[in-house]
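Reader: I would like to learn how to read pockets, cavities and helices in a model. Please take the features one at a time.

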Amino acid sequence: MAKGQPRQREEPCTPLQNRTESKTKIKLTRCGKITLCILMLVIAAVITGLIVYFVAYGKDPFYYHISFKINNIDYDSKFAKPYSQEYMDLNKKIVSLINETFNESKLRRQYIKSHVVQVSKAKEKVVIHAILKFKSCYKNNAAKFWDRTETILREKLKGQTGSLFIDSSSFKFSDIEMPIAENLLHTCCGQRTITRSGNKIAGGQDAEEGEWPWQASLQQNSVHRCGATLISNNWLITAAHCFIKENNPKDWNVSFGLLLSDPKIQRTIKDIIIHENYHYPAHDNDIAVVHLSSPVLYTSNIRRACLPEATYKFPPNSEMVVTGWGTLKSDGKSPNILQKGSVKIIDNKTCNSGKAYGGVVTPGMLCAGFLEGRVDACQGDSGGPLVSEDSKGFWFLAGIVSWGDECALPNKPGVYTRVTYYRDWIMSKTGL
C-alpha cells in the first residue's frame, strides 16, 4: 500500500471465502517459486557463458613480427613517413594481402589485425616489417600456433602474389611481446581512437579519454605547470617560458591521461633543452624539447602527434584544436579534466593590426582564435599543442601555446610558437 494512503476497513470473511483465498495464495506461491527457478537458471547460464568465454579468450593475444622484401617496388624515402600517400597505399596493399591470407584459413576466427610498422631498404627495394595480432584460445598451444601461423604465411608470401613479387628467401617470422607489439601497432603519428571535435578551453568543454592522446602534463614537484606534446617515445615539445623559474630536470615529471588526479603513465625527465636564443620576457624562440628518462610505449590512448615538415602550410582560417588543463578564464580555477577548444588560424597581418597586437607578432609565431574572443588558451595551457587535421585524418602539430593578452578577449587571440619555423631546430636536438 502506498505511503500516506489510509488502510481500507477489512470485512469479516466466510469460511468459503477463506478457502478460496487460501487456494489463490498457494497458486501465487507456486508461481513465484517457478519464476525464481527460471531466473536462477538464466543467471546460471549467463555465468557459465562468461566462464566459457574467459577461459576461451581470456588469455593474452599472440603477436608476431614478419618481414619480407618485395622485388618489384623500388624504395622511396616517402615510405619513411606514415602519413605520406606512398606509405598509406603500400600499407593498404600489404594489410589486404595478410587479411586475405588469414580470412581464407583455419585461423580466420582468431586473426585480429595486422599493420605495417616500418618500410626499410635492401638493394634499393622495399622491405616490409609488419605486426600481426591474434586472439588466444584455451585450445592453443603457443608452439603449435606459432608453427601453423608461419606455415600459412610462407605458403602465401612466395613468388608473385597479386601485383607483388615477394622474395620468399627474405621472409622472417618471430613472436614479439605484448607491450612492444602494441606500441608498434599504435606507432603511427596523429591518429586517435576518439573522433569528436572540440569547442572551448576558456569557458570549458571536457575532452574524452583517448581524444587527444599526445597531450602531456609537465609537473613541477607534482603540480601541473604546463602542457606538452608527445612527438616520439622519448621526446616532448613545449614552451621555453615554462622553465624560466626552474629548469633542473630532477624537479620535473610528466604525466599522461585525461585526469590530472589519475595519470595513466608517469615519467621523470632526463634533459630539458631550451632554445639558445630564448630570452625572457621576450616571446621569440619560445620553444623547448624534453627528453624522457625512459620511453613511453604507445597505447590506444597514448600516441604521438605528427611533426610537420618546414614547408608544410597551415592557411589562414584553418580549423585548429587547442588542448590543456589551464584555467577556464583569466585568474580562474584549473580543471582536473583535460579541456579542448576549436579555434581558427588568423593571418599574421591581421594579428599585427593596430587593434590587435600592433606589430609584435613575428614570423616564428602564429595566431589562432577569433577576433571577437570567446575561445582561447589560458594560464596553465602554456606549452600545450595546437593541432590541425589534414585531409587524410592525420593530426599535425601547428603551434605551441606561448602568450596572449589575458584570455579570450576581443582582438586578442592566442599567440603560438610556429612549429614549422623551428622544424630544423627540432631535428637538430631530437633527430626527429
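**Pocket, cavity and helix**

Author: Strand 7 gives the largest share of the lining of the largest pocket, three residues. Strands here are DSSP runs of E of at least two residues, helices are runs of H or I of at least four, and both are numbered from the N terminus. This is a predicted model, where local features need pLDDT of at least 70 and side-chain atom pairs count only at pLDDT 80 or more, while totals for chains, interfaces and linings use all residues. Residues are numbered from 1 along each chain as its sequence is written, and side-chain values use heavy atoms, with hydrogens and water left out.

Reader: Which residues lie nearest the centre of the largest pocket?

Author: Arg225, Cys226, His241, Cys242 and Ile244, out of 21 lining residues. Strand 7 (223-230) and strand 16 (395-403) each supply at least two residues of this lining. The lining has nine nonpolar, eight polar and four charged residues, where Ala, Val, Leu, Ile, Met, Phe, Trp, Tyr, Cys and Pro count as nonpolar, Asp, Glu, Lys and Arg as charged, and the others, Gly among them, as polar.

Reader: What is the volume of the largest cavity?

Author: About 90 Å³. Its lining has 14 residues, with Trp212, Pro213, Gly257, Leu258 and Asn301 closest to the centre. By class, the lining of the largest cavity has seven nonpolar, four polar and three charged residues.

Reader: Which residues of helix 2 are buried?

Author: Buried means under 20% relative accessible area (1.4 Å probe, protein chains only), exposed over 50%, and partly exposed in between. In helix 2 the buried residues are Tyr87, Leu90, Asn91, Ile94, Val95, Leu97, Ile98, Thr101 and Phe102. Seen down the helix axis, they fall within an arc of 155°, so they line one face of helix 2. The arc is taken over the directions from the helix axis to the C-beta atoms.

Note on methods: 1 Å grid on protein atoms, 1.4 Å probe; cavity = no way out; pocket = protein on both sides within 12 Å on 5 of 7 lines; lining within 4 Å. Points joined across faces, edges and corners; volume = space filled by probe spheres on them.
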